[in-house]
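Student: Please pick one part of this model and take me through it closely. Go residue by residue where that helps.

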Amino acid sequence: MTISLEPGGEEHRLYLDQLAHYLHRSRQILAAWDHYSARHSDPETFQPHDEDAYGRRQQQRDADTLAAFGRVYYHADELVHVAEQQLAQLPASDRMRRYAWQVRELHEATDRLYAVYNDWLTVRAALPESARPDTAAYEEPLSESYAEAWHYLDQWAIHGEAVFAVNALAERQSKAGAPTAVAAPPAPAVAARVRR
């Protein structure tokens with residue numbers, strides 16, 4: 001894996017913006033799911049009233065979450081790598097250890113998401129020619145892949161804020177460590193005009 005992402009650069013800011021969009025959208029999807037689940041499950045046993053409808057709605061949640069993660073997916077490993085590099089430059093503390101744990105969780109989730117996708121490509125390649133999108137033979141294994149990915153997408157929803165926190169601390173430290181610009185004394189001609 002070649003990582004060329006510069007912390008604080010234009011691409012990094014774009015990727016952070018895309019992650020922010022995912023975090024916002026994933027919270028909306030999860031809130032809608034929680035609302036649906038509460039209304040369509042027994043409050044004591046938590047068993048769905050209609051398992052088929054519940055399962056279809058859960059598949060929709062998984063697909064929507066994966067779609068929301070779409071842009072982040074292609075550079076999630078780069079975001080994690082930059083956060084790991086930034087953490088290495090920050091002073092150790094309990095807060096940094098928590099962020100480091102969260103970034104490790106994101107690293108694992110990213111690796112697993114990429115593995116799930118590769119597994120899906122293998123499954124898709126082995127499908128019969130008649131298995132096309134919108135057929136059960138295609139959609140069932142695709143839904144299983146989405147369901148497997150959902151946990152790792154949820155890890156990004158839970159821990160993704162750590163990427164922003166680490167970036168903010170790294171930027172603050174970088175600014176604090178930068179040499180302070182000292183104003184040069186005015187040129188003699190300017191100084192003479194000021195005295196008049």
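Tutor: What follows is a close look at one helix and its partners, then some residues beyond them.

The model is predicted: local features need pLDDT of at least 70, side-chain atom pairs count only at pLDDT 80 or more, and totals for chains, interfaces and linings use all residues. Numbering starts from 1 along each chain as its sequence is written, and side-chain values use heavy atoms, with hydrogens and water left out.

Start with the setting. The chain has seven helices and zero strands. Helices here are DSSP runs of H or I with at least four residues, strands are E runs of at least two, and numbering is from the N terminus. Along the sequence the pattern reads α-α-α-α-α-α-α. The chain holds 196 residues, and 35% of them count as buried. Buried is under 20% relative accessible area, exposed is over 50%, and partly exposed lies in between (1.4 Å probe, protein chains only). Contact means heavy atoms within 4.5 Å. Take the contacts in the chain with a separation of 6 or more: 74% of them join residues 24 or more positions apart.

The axes are lines fitted to C-alpha atoms, for helices over the stretch in contact, and angles run from 0 to 180 degrees between N-to-C directions. Under 35 degrees counts as roughly parallel, over 145 as roughly antiparallel, 65 to 115 as roughly perpendicular, and the rest as oblique. H3 and H4 cross in the left-handed sense. Left-handed means that the near helix is turned anticlockwise from the far one by less than a right angle; clockwise is right-handed.

Who meets whom? From H3 come Ala76, Asp77, Val80, Ala83, Glu84 and Leu87. From H4 come Met96, Tyr99, Ala100, Val103, Leu106, His107, Thr110 and Tyr114. By class, this contact of H3 with H4 has 10 nonpolar, two polar and two charged residues. (Ala, Val, Leu, Ile, Met, Phe, Trp, Tyr, Cys and Pro count as nonpolar; Asp, Glu, Lys and Arg as charged; the others, Gly among them, as polar.)

Thr110 counts as buried because its relative accessible area is 2%. A polar atom of its side chain lies 2.7 Å from the backbone oxygen of Leu106. Setting aside residues up to four places away in sequence, Thr110 touches Ala76, Asp77, Val80 and Trp156.

H3 also packs on H1, residues 10-39. The angle is about 110°, and the axes are 11 Å apart. So H1 runs roughly perpendicular to H3. This crossing is left-handed too. His12, Tyr15, Leu16 and Leu19 of H1 meet Glu78, Leu79, Val82 and Gln86 of H3. The classes here are five nonpolar, two polar and one charged.

Gln86 deserves a stop. This residue of H3 counts as buried because its relative accessibility is 8%. Beyond neighbours within four places in sequence, Gln86 is in contact with Pro7, His12, Val166, Asn167 and Ala170. Gln86 and Ala170 are 84 residues apart along the chain, yet their C-alpha atoms are separated by 5.9 Å.

Stay with H1 for Gln18, which sits in that helix. Gln18 is buried, at 15% relative accessible area. Its side chain makes a polar contact with the side chain of His75, at 2.9 Å. (A polar contact is a pair of N or O atoms within 3.5 Å; within protein, one must be able to donate a hydrogen and the other to accept it, and residues adjacent in sequence count only if both atoms are side-chain atoms.) Gln18 also touches Arg71 and Val72, among residues beyond four places in sequence.

Asp50 lies between H1 and helix H2 (51-73). Asp50 is partly exposed, at 42%. Its side chain reaches the backbone nitrogen of Ala53 at 3.1 Å. The C-alpha atoms of Asp50 and His40, 10 residues apart along the chain, are 7.5 Å from each other.

Asp134 is in the loop between H4 and helix H5 (136-159). Asp134 is exposed, at 72% relative accessible area. Its phi is near 75°, a positive value in a residue other than glycine. Most residues other than glycine have a negative phi.
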